[in-house]
Amino acid sequence: GLLIWNVIYSWVRSYLKIYYKSIKDIQDDSELDLWCKEIVSYAGGRVQNFGEDENGNIYHLSYLTKALTHIIFTATASHSAIN
């Protein structure tokens, strides 16, 4: 599983670097902000401890990369292994 995790992480990081050239790009992305708010919202995903602050905001590429890698890994390799 760790080999697959590392491949997914590497791909996600490379892909995100195409769109996010700086920390400001991440912080200015209104769609990313809305997605994060939906994830932590009581009316949305209700995910606890998501984001880099108590409101679920993401400020750094490293956090976004890890979060998306976790989501992709869980929905693919982990799901497949469990089932």
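What follows is a set of questions and answers on this structure.

Reader: What kind of model is this, and which side-chain atom pairs count?

Author: Residues are numbered from 1 along each chain as its sequence is written, and side-chain values use heavy atoms, with hydrogens and water left out. This is a predicted model, in which local features need pLDDT of at least 70, totals for chains, interfaces and linings use all residues, and side-chain atom pairs count only at pLDDT 80 or more.

Reader: How many helices and strands does the chain have?

Author: Helices (H or I, at least four residues) and strands (E, at least two) are DSSP runs, numbered from the N terminus. From that end on, the elements run α-α-α-α. The C-alpha trace spans about 35 × 30 × 15 Å along its principal axes. The total is 4 helices and 0 strands.

Reader: What percentage of the residues in the chain is buried?

Author: Buried means under 20% relative accessible area, exposed means over 50%, and partly exposed lies in between (1.4 Å probe, protein chains only). The chain has 83 residues, and the buried share of them is 25%.

Reader: Why is the pair of Trp5 and Phe73 classed as it is?

Author: The ring centres of Trp5 and Phe73 are 5.4 Å apart. Trp5 is in helix H1 (residues 2-19) and Phe73 in helix H4 (residues 61-82), 68 residues apart, so the pair links distant parts of the chain. Trp5 is partly exposed because its relative accessibility is 25%, while Phe73 is buried at 17%. The planes of the two rings stand at 70 degrees, so the pair is edge-to-face.

Reader: At what angle do the ring planes of Trp35 and Phe50 stand?

Author: Trp35 lies in helix H3 (residues 30-40) and Phe50 in the loop between H3 and H4, so their pair ties together parts that are 15 residues apart in sequence. Trp35 is partly exposed at 30% relative accessible area, whereas Phe50 is buried at 11%. The ring centres are 5.9 Å apart and the pair is edge-to-face, with the planes at 90 degrees.

Reader: What is the accessible area of the nonpolar patch that includes Trp11?

Author: Patches are made of residues with over 30% relative accessible area and no salt bridge: like charges are joined within 9 Å, nonpolar side chains (Val, Leu, Ile, Met, Phe, Trp, Tyr) within 5 Å. Trp11 is exposed because its relative accessible area is 52%, and Trp11, Tyr15 and Tyr19 form one aromatic cluster. H1 gives the largest share of the patch, 4 residues. Areas come from the Shrake-Rupley method with a 1.4 Å probe, where for residues only the protein chains shown count as cover; Trp11, Tyr15, Ile18, Tyr19 and Ile72 together have about 540 Å².

Reader: Which residue has its charged end over the ring of Tyr42?

Author: A charge sits over a ring if NZ of Lys or CZ of Arg is within 6 Å of the ring centre and within 35 degrees of the ring normal. Here the charged end is 3.9 Å from the centre of the Tyr42 ring, and the residue is Arg46.

Reader: How many salt bridges are there?

Author: A salt bridge is a side-chain nitrogen of Lys or Arg within 4 Å of a carboxyl oxygen of Asp or Glu. Asp28 and Lys24 form one at 2.7 Å, N to O; Asp28 is partly exposed at 49% and Lys24 is exposed at 53%. Asp33 and Lys37 form another, with the closest N and O atoms 3.3 Å apart, and both lie in helix H3, 4 residues apart, about one turn of the helix. The number of salt bridges is 2.

Conventions
Phe/Tyr/Trp six-rings, centres within 6.5 Å; stacked < 30°, edge-to-face > 60°.
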